[in-house]
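Here are some short notes for a first look at this structure. Please read them with the model open beside you.

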Amino acid sequence: MMDQILLVKATDADAQEVLEITKRAFDLYAKEIRKRESVAALYETLDDVLSDIHHKNVYLAMIDGEIVGSVRFELLTDGIAYLSRFSIDPEAQNLGIGGLLLEKVRIECLSMGVRAIALHTASKMRSTVAFYLKNGYYIHSISKDSDYIRALMVNEICEMDEMFDYETVCAKAKH
């Protein structure tokens, strides 16, 4: 039973749990795309997570005090935010937590003057693509710059030029 859901900014004390949830969530991702060696999130260290907590915006989803999800985003040029390492503990998936966490990111980005939020996901993962579509994202483009085909998904907070070069801006993000 869920008594309380909190969406809060991560601190150094949360880093180990963020690392563990990220690895559990991305383990499923890697199995789905059958390219485990290509999923950088699985090779992340505690220092990597701490660095992100210090240099990016890292938010947590907590149910009754237990961390069940995390997301990271960084501000890029041209008012674009790049979302990465979006992770919901497999045991907490399909509870609506992911949608709440994405909405938290959107609200934070809105307050920061962000014009659009972008992310990459495996285009082969229909359920993940459908989740982002349901939450206001659209498929901007497809890339083969990794070992698997990735969709560049975008959520425009304000109206943008359809031909805006998200690919170049997002290439600067630290995946």
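How many helices and strands are there in the protein chain?

1. Overall make-up. This is a predicted model. The protein chain has 5 helices and 7 strands. Their order from the N terminus is β-α-α-β-β-β-α-β-α-β-β-α. Of the 175 residues in the chain, 48% are buried.

2. Strand β2. Start with residues 57–63, which form β2. 7 of the 7 residues here are buried, so the strand is largely enclosed by the rest of the structure. Buried here means under 20% relative accessible area.

3. The two sides of β2. In a regular strand, side chains alternate between the two faces of the sheet. Asn57, Tyr59, Ala61 and Ile63 point one way from β2. Val58, Leu60 and Met62 point the other way. Both sets are buried.

4. Neighbours of β2. Which strands does β2 pair with? One is β1, residues 5–9, joined to β2 in the antiparallel sense over 5 bridges. Another is β3, which runs antiparallel to β2 with 7 bridges between them.

5. The turn from β2 to β3. These strands form a hairpin with 2 residues between them. Asp64 takes a positive phi there, near 50°. Strand β3 covers residues 66–75 and includes Glu66.

6. A charged patch. Asp64 and Glu66 also belong to a negative surface patch.

Conventions
Residues numbered from 1 in each chain as written. Predicted model: local features only at pLDDT ≥ 70, side-chain atom pairs only at ≥ 80, totals over all residues. Heavy atoms only, no water. Patch = residues over 30% accessible without salt bridge, like charges linked within 9 Å, V, L, I, M, F, W, Y side chains within 5 Å. Areas by Shrake-Rupley, 256 points an atom, 1.4 Å probe, with all protein chains shown as cover. Salt bridge = Lys/Arg side-chain N within 4 Å of Asp/Glu carboxyl O. Lys, Arg positive; Asp, Glu negative; His and termini not counted. Charge placed at Lys NZ, Arg CZ, Asp CG, Glu CD. Helix = DSSP H or I, 4+ residues; strand = E, 2+ residues; numbered from the N terminus. Buried < 20%, exposed > 50% of the residue type's maximum accessible area, 1.4 Å probe, protein only. Pairing = 2+ DSSP bridges.
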